[in-house]
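Hi,

Here is the structure I promised to pass on. Have a look first, and then read on for what turned up in it.

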Amino acid sequence: MLLTNARIATMSEPAGYGLIDDGAIVIRGDRIVWVGAQADLPAEHAGEEVTDLGGRLVTPALIDCHTHLVFGGNRAGEFEQRLEGVSYEQIARSGGGIVSTVRATRDATPQALLQSALTRVDAMIAEGVSTIEVKSGYGLDREAELKMLRVARQIADVRPVTVRTTYLGAHAVPPEFAGDADGYIDQVCIPTLHAAHAEGLVDAVDGFCEGIAFDTGQIARVFDAARALGLPVKLHAEQLSNIGGTQLAARYGALSADHVEYANAADADAMGQAGSVAVLLPGAFYTLHETQMPPVAAFRAAGVPMAIATDCNPGSSPLASPLLTLNMACTLFRLTPAEALAGLTRNAARALGLTDQGRIAPEMRADLAVWDVTEPAELAYRIGFNPLQSRIFGGTL
């Protein structure tokens, strides 16, 4: 396949879009083999089947690197409570929040979980997404956690999308272990990680390091188990307070620390030295009426790559629109449109440990989005508008 007459945002440069005007892309199989100005197209590619893109913008397909989109039920009632002034922490401590979704997820059949998840997956695909990370963490017992991970894997069997599964057993303390977080970690969370890994269901391991969830010592035990299995780690850190999660993630060389609203300059420095990505989640910030912004300036100063993601989940971020996430990242967190797009492409791939996605360059996977716009900033500028013209997934239009 030879794509011609395109404005290409390669996202291959450390900053900016890496734009090529009047560009061309050559694809063979599921790989990009050449990209550049159309005038420089090597003669050996001149005979390829041509698709004229009519001057449209081409970007890497989008990557949603932090979601919880497999779950049962919904938490619309809690949305009403928050509007009446009840905090997220108060809801969680009174038996709502994550634990309420746990009950619905445990009760749901795998088929029901899959069908529910596909409605959200389809919305993401329709906005140019090619890769989605899906976390467990709403089962909190062995069978329900494994059920979630199996359903997440099934998504890629029935939709043209790549799925990366993350084990998030350390998401909350289930009711049966109330007051015994250590017992839950040792008796359920870590043994279930071993079972999920043995079944080939885990690409990475996550945890929720927060006062309403687990402390750094408890998360460290989970990370030690992940390290023993050769699995990379990532962490929900500093979302509601700063209890040292980001520093812990950096010490373990985590792929990413996510949320990080309460991270500070020292945390940013640690992440920069560790090579960890800061995953910013404006949907949760917006939904929870947060006012503490992540330290974007400190991340820039420390050279920390910033990814963005929907955090699609039933409670704190019921958001399934990566395009709206682009706008929120710019409007709420003051990212530039180029930083935001890098956050959904190049840096999102890095947050998942993917080296062959997120950029338009030779040898990269041919996952592309073609947009009915010419300026990349327009993707972040518009609200409630989807200019996707077509999507190329693994070299298939």
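Buried area here is the accessible area (1.4 Å probe) that two parts lose on being put together, summed over both. The model is predicted, so local features need pLDDT of at least 70 and side-chain atom pairs count only at pLDDT 80 or more, while totals for chains, interfaces and linings use all residues. Residues are numbered from 1 along each chain as its sequence is written, and side-chain values use heavy atoms, with hydrogens and water left out.

The domain assignment (bounds from an automatic or database source) gives domain 1 (2–61 + 359–392) and domain 2 (62–352). Between them, the two domains bury about 1,700 Å², with 60% of it on carbon and sulfur atoms. In contact terms (heavy atoms within 4.5 Å), 27 residues of domain 1 meet 23 residues of domain 2. The domain centres, taken over C-alpha atoms, are 30 Å apart. How many salt bridges (a side-chain nitrogen of Lys or Arg within 4 Å of a carboxyl oxygen of Asp or Glu) are there between domain 1 and domain 2? The count is zero.

Now the interior. A nonpolar core is a set of buried (under 20% relative accessible area, 1.4 Å probe, protein chains only) Ala, Val, Leu, Ile, Met, Phe, Trp, Tyr and Cys residues joined through side-chain atoms within 4.5 Å. The largest has 100 residues, and Ile 155 and Phe 299 are among those with the most contacts inside it. This core takes at least three residues from each of domain 1 and domain 2. Ile 155 touches residues including Leu 69, Leu 114 and Val 163, leaving aside those up to four places away in sequence.

Best wishes

How values were computed. Buried means under 20% relative accessible area, exposed over 50%, partly exposed in between (1.4 Å probe, protein chains only).
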